[in-house]
Amino acid sequence: MANISPDPFAGALGAAAQATDATLAALIDAGAAGFPRGAAEAAGAVRLWDAMRYALFAGGKRLRPFLVLAAADVCATDPASVRPGALRVAAALELVHCYSLVHDDLPAMDDDDLRRGQPTVHRKFDEATAILAGDALLTLAFEVLADTATHTDGAVRAALVAGLAKGAGAAGMVAGQALDLAAADIADPSAGFVRRVQALKTGALIAFSCEAGARIAGADAAAIAALGAYGDHLGALFQITDDLLDVEGDAAAVGKALGKDADQGKATFVALLGVDGARREARDRHGMALESLDLFGKKAELLGAAADFVLHRRA
């Protein structure tokens, strides 16, 4: 399928980020309003909400929210009518994503001091606050999805809650992180193991972002499946390019220390396939992601451009 120039995609990505940030800010402000700043008894809560804000607004492309909104636009007969609910779903995805970054950076996990060029949450605050901020971001995501403001149909809300729980939990992202940590003790992980780790660690939440956008728009099973397949391939592509950036990227552009995957014995596509092999895998996944969008024709041009963006990203 033909792809559009990067300018419309960059504009759409920026607009999605701006709209998602506004939604997140409103959610955080509403939650923090019950704890007056400066009150001695509220000092711990103020610190918690400050850490949550710091984690949420430390930069980032907001790719997952973009995928929710773009998938909803592709599937909706009237995109404007589903946009408010889609933005809440997008915010919920970003709450979970940011929680995962806070916890991944902890000393017991990846032990990172920088995230997007800034001190990680546990360095800016402390470990206990970082753990609690991550916990709060995660649970707030489900509160957002379960609210009638997200969708009036309880069945749709339940499907979104169940889908996010599966994609983010012990059957998805958390399982991937656990296997990623375990890989350090495996001398020669198989190709199947590496692909399984990365599909869970990164792909599950990206795939759900695409499916969730379709669900909030009332899409049929075929559309949800096609967008889920696109998300699976895009998630794999994102992880491969992430692995390549750890080897070849510029630390200033990436915003964190590089070369840690090899030092920690991580099960990566580069370790499995080598740099050239990983690049070939990335191109293959890019092609499969685009093929998954054939059902939607030109309506999916922005999603196709997102795959192009991930293939060529430098940060």
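1. Leaving aside its neighbours within four places in sequence, which residues is threonine 241 in contact with? They are Val310, Leu311 and Arg313. The model discussed here is a predicted one. Threonine 241 sits in helix 10, which covers residues 221-248. Its relative accessible area is 4%, so threonine 241 is buried. With arginine 313 there is also a polar contact: the two side chains are joined at 2.8 Å.

2. Next come the aromatic pairs, of which the structure holds three. One of them is formed by phenylalanine 9 and phenylalanine 309, with 5.2 Å from centre to centre and 45 degrees between the planes, and this pair is tilted. The pair links distant parts of the chain, since phenylalanine 9 belongs to helix 1 (residues 6-32) and phenylalanine 309 to helix 14 (residues 301-312), 300 residues apart. Phenylalanine 9 counts as buried because its relative accessibility is 4%. Phenylalanine 309, at 25%, counts as partly exposed.

3. Tyrosine 54 and phenylalanine 125 form another aromatic pair, this one edge-to-face, with 5.8 Å between the centres and 75 degrees between the planes. Tyrosine 54 is in helix 2 (residues 43-56), while phenylalanine 125 is in the loop between helix 5 (121-124) and helix 6 (127-146), so the pair ties together parts that are 71 residues apart in sequence. Phenylalanine 125 has a relative accessibility of 19% and counts as buried, because the cut-off for buried is under 20%.

4. Phe9 and Phe309 come up again in a group: together with Phe66 they form one aromatic cluster.

5. Phenylalanine 296 can be followed in more detail. Apart from neighbours within four places in sequence, phenylalanine 296 is in contact with Val74, Cys75, Ala223, Ala226 and Leu227.

6. How many disulfides does the count come to? The count is zero. A disulfide is a covalent bond between the sulfur atoms of two cysteines. For cysteine 75, the nearest cysteine sulfur is that of cysteine 210, 10.0 Å away, and cysteine 75 is in no disulfide. Cysteine 75 is buried, with a relative accessible area of 16%. The closest cysteine sulfur to that of cysteine 98 is also in cysteine 210, and because the separation is 18 Å, it is too far for a bond. Cysteine 98 counts as buried, at 1% relative accessibility.

7. Aspartate 21 is in helix 1. Its relative accessible area is 26%, so aspartate 21 is partly exposed. Leaving aside neighbours within four places in sequence, aspartate 21 is in contact with Phe57 and Arg62. Alanine 191 is 170 residues from aspartate 21 along the chain, and their C-alpha atoms are separated by 38 Å.

8. Helix 8 spans residues 173-182, and its residues Met173, Ala175, Gly176, Gln177 and Asp180 are buried. What covers them includes helix 4, helix 7 (154-168) and helix 9 (191-216).

9. Two backbone angles deserve a remark. Most residues other than glycine have a negative phi. Aspartate 111, however, has a positive phi, near 55 degrees. Aspartate 111 is in the loop between helix 4 and strand 1 (114-115), and at 36% relative accessibility it counts as partly exposed. Arginine 116 likewise has a positive phi, near 55 degrees. Arginine 116 is in the loop between strand 1 and strand 2 (118-119), and with a relative accessible area of 27% it is partly exposed.

How values were computed
Residues are numbered from 1 along each chain as its sequence is written. This is a predicted model: local features need pLDDT of at least 70, side-chain atom pairs count only at pLDDT 80 or more; totals for chains, interfaces and linings use all residues. Side-chain values use heavy atoms; hydrogens and water are left out. Rings of Phe, Tyr and Trp (its six-membered ring) pair if their centres lie within 6.5 Å; planes under 30 degrees apart count as stacked, over 60 as edge-to-face and the rest as tilted. Helices (H or I, at least four residues) and strands (E, at least two) are DSSP runs, numbered from the N terminus. Buried means under 20% relative accessible area, exposed over 50%, partly exposed in between (1.4 Å probe, protein chains only). Contact means heavy atoms within 4.5 Å. A disulfide is a pair of cysteine sulfur atoms within 2.5 Å. A polar contact is a pair of N or O atoms within 3.5 Å; within protein, one must be able to donate a hydrogen and the other to accept it, and residues adjacent in sequence count only if both atoms are side-chain atoms.
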